[in-house]
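Colleague: I want to learn how to read disulfides in a model. Can you take me through them?

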Amino acid sequence: MIFPRRAASCVVAVAALSLTACTSGEQAAPPPELPPLTFHPCDGFGPDARAAAGIDGADIERYEDREEPYQAWACSYYSDDPYSSVLISSNRVPWSKAENDERLTLVEETTVAGHRTRVHDFPGGLQCVASVDFDPNVLEVMVGYKQGDIETPEPACSLALQVVRDLAPYFPDHL
């Protein structure tokens, strides 16, 4: 949709539950298009990688690939010790999304295998999220709490980061 340069008032368009507002006649450049995903964690992290991360590969739940509002491919596994669910996803989102998500509480920033990594508590979802920068996309490892053996965010965040570290030797070059 193209708006006239002389539009002085805000224009609000609702499309796919999003809100866009204009405050001046100048249009901001659209964000650069991210390349499509090529790495699916269900296929890319084989038995050796899952064993290194303490993930039981017997009960892999492959989620339907999501294309909107952004591309995401995810698998759910079970960790044996402590018993918990582990969700690993490739996400076609910029790193800034992981940095600026207001729903999350930052627990730790680190680097794993040369990749910026942020660990967040997501109290609204009762899970801890470890986001790994695969410029331009993001790999996420989520560990739930208040389910299985994990009751609080601290061990869930510790386990999410440990899974990332254990999977690091098996990381792809790009997502």
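Modeller: Start with Cys 128 and Cys 157. They form a disulfide, with sulfur atoms 2.0 Å apart. A disulfide is a covalent bond between the sulfur atoms of two cysteines. Here the term is applied to a pair of cysteine sulfur atoms within 2.5 Å. This is a predicted model, where local features need pLDDT of at least 70, side-chain atom pairs count only at pLDDT 80 or more, and totals for chains, interfaces and linings use all residues. Residues are numbered from 1 along each chain as its sequence is written, and side-chain values use heavy atoms, leaving out hydrogens and water.

Colleague: Which parts does the pair Cys 128 and Cys 157 tie together?

Modeller: Cys 128 lies in strand E8 (residues 127–134) and Cys 157 in helix H4 (residues 153–167), so the bond ties parts that are 29 residues apart in sequence. Helices (H or I, at least four residues) and strands (E, at least two) are DSSP runs, numbered from the N terminus.

Colleague: Is the disulfide of Cys 128 and Cys 157 right-handed or left-handed?

Modeller: The torsion about its S-S bond is about 105 degrees, so it is right-handed.

Colleague: Are Cys 128 and Cys 157 buried or exposed?

Modeller: Buried means under 20% relative accessible area, exposed over 50%, partly exposed in between (1.4 Å probe, protein chains only). Cys 128 has 0% relative accessibility, so it counts as buried. Cys 157, at 5%, counts as buried too.

Colleague: How many disulfides does a search of the whole structure find?

Modeller: Two. Cys 42 and Cys 75 also form one, their sulfur atoms 1.2 Å apart. Cys 42 lies in helix H1 (residues 41–44) and Cys 75 in strand E4 (residues 72–79), so this pair ties parts 33 residues apart in sequence. Both Cys 42 and Cys 75 are buried.
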